[in-house]
Amino acid sequence: VQLQASGGGLVQAGGSLRLSCAASERTLTRFFMAWFRQAPGKEREFVARIYWLNTSTYYADAAKGRFTISGDNAKNTLYLQMNSLKAEDTAVYYCAAGSVLSTDEGRYLYWGQGTQVTVSS
């Protein structure tokens with residue numbers, strides 16, 4: 001399984017971005033999919049996850065109400081819509097696929113290369 005994250009960039013506070021994660025095969029229905037992020041000088045942290053079979057989603061507190069995780073199974077692509085961005089959302093964002101429902105990065109087997117999101121205040 002290969003994951004390719006894209007869509008990052010520079011945006012002003014209050015703006016929006018949509019991140020994409022293209023998978024090399026029919027990954028979305030086989031795995032639990034998630035987004036993590038790592039800010040400079042900090043550990044990587046969970047952002048959101050989705051389980052395709054029952055379409056359930058779960059968000060970190062920092063993402064609730066502002067971010068939406070979704071995907072297109074036909075396109076093998078996972079998305080993260082980010083609205084009302086704040087300077088503290090600045091980080092490298094990673095998509096991941098795992099076989100266990102978890103917010104622990106150690107449970108995820110496959111990772112994208114990361115895409116930089118920078119929010120200017």
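Analyst: The questions and answers below concern the structure shown above. This is a predicted model, in which local features need pLDDT of at least 70, side-chain atom pairs count only at pLDDT 80 or more, and totals for chains, interfaces and linings use all residues. Residues are numbered from 1 along each chain as its sequence is written, and side-chain values use heavy atoms, with hydrogens and water left out.

User: Which strands make up the open sheet of 4 strands, and in what order?

Analyst: Strands of a sheet pair through backbone hydrogen bonds, either parallel or antiparallel. Two strands pair if DSSP finds at least two bridges between them; β1 and β3, for instance, are joined by 4 bridges and run antiparallel. Within β3, S20 is the bridge partner of S6. The pairing in this open sheet is antiparallel, and the order is β1-β3-β8-β7.

User: Which strands stand at the edges of that sheet?

Analyst: An edge strand here has a single partner strand, so one of its sides is left without a neighbour in the sheet. The strands in this position are β1 and β7.

User: Which strands does β9 pair with?

Analyst: The pairing of β9 with β4 is antiparallel over 7 bridges, and there G98 in β9 is the bridge partner of F32. Antiparallel pairing also joins β9 to β11 through 3 bridges, with Y93 opposite T115. A further 3 bridges join β9 to β10, residues 108–111, again in the antiparallel sense, and Y108 is the partner of G98 there. The partners named are β4, β11 and β10.

User: How many of the residues of β9 are buried?

Analyst: Buried means under 20% relative accessible area, exposed over 50%, and partly exposed in between (1.4 Å probe, protein chains only). Across the chain of 121 residues, 45% count as buried. Strand β9 is mostly covered, with a buried count of 7 of its 8 residues.

User: Which residues have the most contacts inside the largest nonpolar core?

Analyst: A nonpolar core is a set of buried Ala, Val, Leu, Ile, Met, Phe, Trp, Tyr and Cys residues joined through side-chain atoms within 4.5 Å. The largest such core has 30 residues, and the elements giving two or more residues to this core include β3, β4, β8 and β9. Apart from it lies another core of 6 residues, among them A34, F36, A96 and Y108. In the largest core, the residues with the most contacts are W35, L78, L80, M82 and Y93.

User: Which cysteines does the disulfide join?

Analyst: A disulfide is a pair of cysteine sulfur atoms within 2.5 Å, and a search of the whole structure finds 1. Its partners lie in strands β3 and β9, 74 residues apart. The torsion about the S-S bond is about 70°, so the disulfide is right-handed. With an S to S distance of 2.1 Å, the cysteines joined are C21 and C95.

User: Are C21 and C95 buried or exposed?

Analyst: The relative accessibility of C21 is 1%, so C21 counts as buried. For C95 the relative accessible area is 0%, and C95 is therefore also buried.

User: What is the phi of N76, and where is N76 placed?

Analyst: Most residues other than glycine have a negative phi. N76 is not a glycine, yet its phi is positive. At 15% relative accessibility, N76 counts as buried. Its phi is about 55°, and its place is the loop between β7 and β8.
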